[in-house]
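Have the viewer open as you read.

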Amino acid sequence: ILYRGLRGDEFELFTSLDRFYKDEGKRIDICKVEEQFLNDFQRRYRNYSYYPPEENNQMAWWSIMRHYGAPTRILDWTYSYYIALFFALEDLDMDKKPAIWVIKAESLDKKLEEKNVELYEEIKKDRYLNDPKTFEKFDKESIVLKMNPYVLHERLSVQQGCFLLPGDIKNNFLENLTKFYGSKKELRKNLFKFIINCNYENRKKAIKELYRMNISRASLFPGLDGFAATLKTLSYIIADSKPGSAG
């Protein structure tokens, strides 16, 4: 099972590339734009790191791009319900109802085998999408793959993350899923959205319990930026704690 926590139930399953395409009003050639994003990122990456992935390993490059907030076609999920719950609850804005999306991961593999046996066998051999020829067989098809790069960066590891990779970027992620499963009825057997109805105090209590489980911005986003971002939620714990007990 894979989970994705969202701060509001009105948010759809859009990739960052979907949102970019939507904001541009679909006036652009999204395939050329994606190629340009990747090309520009690769050309400048060595200004910031001496350890780039292989040039043709698109999955590895997209993973790094997603890590740093660049628009990509991949959508990040987690194997951990509790981590998804944290992402859903961390914003204590009561005007929004947090939600958790759930998908049966094994159904993706089964559906791929059913729809495209040749590609299914190719993916089994090239499970990290290292070979550009594998990607070419998948690109522009209404197929969604469960995929991770071979080298897991730190955030992907601690967040127990996994990417879902749509093939046809001219359609958004949910449209890819629907076409992949064949119908909305079939999709609803494998994809679910749970809306979390709870008041402010219960939401604070849940955040505190997750913090005690070492689930916070500080642990999920290692580094000073992650620690700084967790101070807001940490303040709720300090406010309700006895002196000296929060740390």
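## Ground rules

This is a predicted model, so to speak of local features we need pLDDT of at least 70, side-chain atom pairs count only at pLDDT 80 or more, and totals for chains, interfaces and linings use all residues. Residues are numbered from 1 along each chain as its sequence is written, and side-chain values use heavy atoms, with hydrogens and water left out.

Rolling a probe the size of a water molecule over the atoms shows where empty space is left. On a 1 Å grid over the protein atoms alone, a pocket is an open set of points with protein on both sides within 12 Å along at least five of seven lines, while a cavity is a set where a 1.4 Å probe fits but cannot get out; lining residues have an atom within 4 Å of a point. Volume is the space filled by probe spheres set on the points, which are joined across faces, edges and corners.

The largest pocket holds about 800 Å³ of space. Its lining runs to 29 residues, with Arg4, Gly5, Arg66, Asp76 and Phe87 nearest the centre. Elements giving two or more residues to that lining are β1 (2-6), α3 (58-67), β2 (75-78), α4 (81-89), α8 (154-158) and β5 (161-166). Here helices (H or I, at least four residues) and strands (E, at least two) are DSSP runs, numbered from the N terminus. β1 makes the largest contribution, 4 residues. Sorted by class, the lining has 12 nonpolar, 7 polar and 10 charged residues (nonpolar is Ala, Val, Leu, Ile, Met, Phe, Trp, Tyr, Cys and Pro; charged is Asp, Glu, Lys and Arg; the others, Gly among them, are polar).

The second largest pocket comes in at about 360 Å³. Of its 17 lining residues, Tyr51, Pro53, Ala60, Ile64 and Val151 lie nearest the centre. Here α3 gives the largest share, 4 residues, and the class count is 10 nonpolar, 6 polar and 1 charged.

## Helix α11

Arg203, Lys204, Ile207 and Leu210 of α11 are buried (under 20% relative accessible area; exposed is over 50%, partly exposed in between, with a 1.4 Å probe and protein chains only). These four cover an arc of only 125° around the axis, so they are on the same side of α11 (the arc is that of the directions from the helix axis to the C-beta atoms). Lys205 and Arg212 are exposed on the other side. At the N-terminal end, Asn199 caps α11, with a side-chain oxygen 3.2 Å from the backbone nitrogen of Glu201. Just after the helix, Asn214 takes a positive phi of about 65°.

## Two single residues

Asn148 sits in the loop between β4 (144-147) and α8, and its 16% relative accessibility counts as buried. A polar atom of the Asn148 side chain lies 3.1 Å from the backbone oxygen of Gly161.

Phe227 belongs to helix α13 (residues 224-239) and, at 43% relative accessibility, counts as partly exposed. Phe227 and Arg217 are 10 residues apart in sequence and 6.3 Å apart in space, C-alpha to C-alpha.

Key. Polar contact = N/O pair within 3.5 Å; in protein donor to acceptor, adjacent residues only side chain to side chain.
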